[in-house]
Amino acid sequence: MTDRKLKIALSVYGVGGPGQHGLWKDDRIPKNASIDIDWYIARARQAEAALLDALFIVDSQFINATYPAHYLNRLEPLTLLSAIATHTKHLGLIGTASSTYNSPFNLARRFGSLDHISHGRAAWNVVTSFDTGTSRNYGLEDHLDYSTRYGRALEAVEVVRGLWDSYEDDAFVADVENDLFLDPTKLHALHHRGEHFRVDGPLNLSRSPQGQPVIFQAGISEEGKALAGAVAEGIYAPGEDLQSARAYYADVKGRLAQHGRTWDDLVILVGATPVIASTDAEAQRLAREIYEADNDFDRKLGAFGRAFGAYDFSQHDLDAPFPDVGELAENGGRTRSRDIIERAAAEKLSLRETVEAFTEYRPSPFVGSPETVADAIQEWFLGRAADGLNLRTRTPDDLDVFTGTVLPILQERGLFRTEYESDTLRGNLGLAVPENRYAASRAEAALSV
Ligand SMILES: Cc1cc2nc3c(=O)[nH]c(=O)nc-3n(C[C@H](O)[C@H](O)[C@H](O)COP(=O)(O)O)c2cc1C
């Protein structure tokens with residue numbers, strides 16, 4: 001039996017994110033779930049009672065009326081996670097923040113603070129922002145192009161990590177007798193001068209129990225995978241099917257060695273929406289029913305515009321060929337929009353047929369009886385398509401069903417923990433605590449004397 005254990009996060013989408021557009025109508029979901037801190041705290045407690053690794057908060061900063069209900073009205077991730085931190089003890093707290101629309105100093109300070117508040121459970125999910133319209137909320141006419149966005153992302157992570165090392169671990173001696181609060185030789189300014197940022201530092205915050213918060217990443221373009229290979233310790237990856245997930249896993253893990261990293265330095269979590277019932281047939285029926293409840297063409301047409309900068313496709317003739325709108329997507333949802341444009345051209349699809357083709361019923365790979373779902377998760381995990389899951393359950397009841405029926409099977413098979421290994425997210429994910437760079441070079445210098 002392997003020592004490797006599944007890692008499982010819970011992504012909370014309140015009144016319903018992508019693929020869950022009608023969830024807000026479910027009786028079990030309060031209409032204000034996405035802005036109700038008590039609702040989030042209850043989900044976090046549920047996740048922690050089930051020994052899950054982390055709560056995962058996704059985010060975006062641009063909307064129009066066609067966006068999913070959860071996107072229209074939701075809490076800012078770090079504010080939210082700071083509150084959750086005070087009601088949990090073990091659960092990791094992964095917050096999404098854009099490297100395109102935040103300064104590294106602010107990011108370092110906010111995530112560093114969350115790491116202290118949670119006693120070592122914070123992670124930053126680095127995204128470059130999907131929605132092109134975000135630029136106009138930040139005083140920019142245009143969204144930055146891919147290479148600039150991902151160049152900024154890499155440099156932002158480097159700067160943030162540099163700032164997190166501002167103090168060595170034992171910098172605050174607080175020696176009353178000798179009137180010495182801080183040992184100034186253990187405080188370091190960064191003096192970063194790069195292509196995108198100029199940041200002096202130091203950060204006015206000491207290192208936390210994790211040394212540094214964990215770096216997550218989400219974004220599947222070539223540029224996104226390069227960023228992940230260089231700096232990510234966790235990834236939120238799409239989990240559409242076993243074959244593509246395996247290829248993605250091998251691709252990204254294969255990039256680690258060139259950065260002096262090993263496969264164990266990166267945990268890949270695939271998005272999973274399990275649908276579980278007492279029999280496989282019943283679960284399949286339920287999954288289809290959930291899809292059909294949301295299967296409204298006008299709604300799908302509205303949502304289809306997101307990858308093209310929230311473009312309004314309703315202005316086009318639905319039965320004419322897919323319109324020539326490729327340039328609208330080049331800076332935003334390029335990975336998805338190129339797929340759409342290429343397929344529409346290759347198969348000569350009309351706009352209506354294109355929307356239908358990309359929104360057709362595709363059941364999650366994790367649909368079935370508890371045993372079937374556990375088997376599928378095991379296959380993905382042992383077959384190196386994933387190191388774990390980012391669960392996108394719909395209702396609190398669905399989460400209970402997963403944790404009450406599937407997790408015990410995985411635990412029995414030795415694939416999931418029966419108690420937390422650690423109080424920190426790094427500890428539970430099996431990630432090393434990064435050594436402070438200045439302490440490391442001091443130790444190296446001492447050795448070479
Ligand atoms: C599974 C997954 C989840 C993502 N979650 C977010 C998110 O919460 N917020 C966001 O701005 N972007 C999110 N992204 C998008 C990326 O940050 C990225 O900006 C966008 O997908 C375009 O880059 P790409 O072509 O590299 O994927 C996500 C991407 C993936 C694949």
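## Strand pairing and the barrel

Strand S2 (residues 54-57) and strand S3 (residues 92-98) pair in the parallel sense over four bridges, where pairing requires at least two bridges found by DSSP between two strands and strands are DSSP runs (E) of at least two residues, numbered from the N terminus. Within this pair, Leu55 has Leu93 in S3 as its bridge partner. Both strands belong to a closed barrel of eight strands with parallel pairing, in the order S1-S2-S3-S4-S7-S8-S9-S12.

This is a predicted model, in which local features need pLDDT of at least 70 and side-chain atom pairs count only at pLDDT 80 or more, whereas totals for chains, interfaces and linings use all residues. Residues are numbered from 1 along each chain as its sequence is written.

## Nonpolar cores

Leu55 and Leu93 return, together with Ile235, as the residues with the most contacts inside the largest nonpolar core, which has 92 residues. Such a core is a set of buried Ala, Val, Leu, Ile, Met, Phe, Trp, Tyr and Cys residues joined through C-beta atoms within 7 Å, and buried means that 20 or more other C-beta atoms lie within 10 Å of a residue's own, with C-beta atoms placed from the backbone. A second, separate core of six residues includes Ile340, Ala344, Leu351 and Val355.

## Surroundings of the ligand

The ligand is surrounded by 21 residues, of which the closest are Val58, Val127, Gly219, Ser221 and Gly224; a residue counts here if its C-beta atom, placed from the backbone, lies within 6 Å.

Definitions and conventions
A residue is buried if 20 or more other C-beta atoms lie within 10 Å of its own, exposed if 12 or fewer, and partly exposed in between; C-beta atoms are placed from the backbone.
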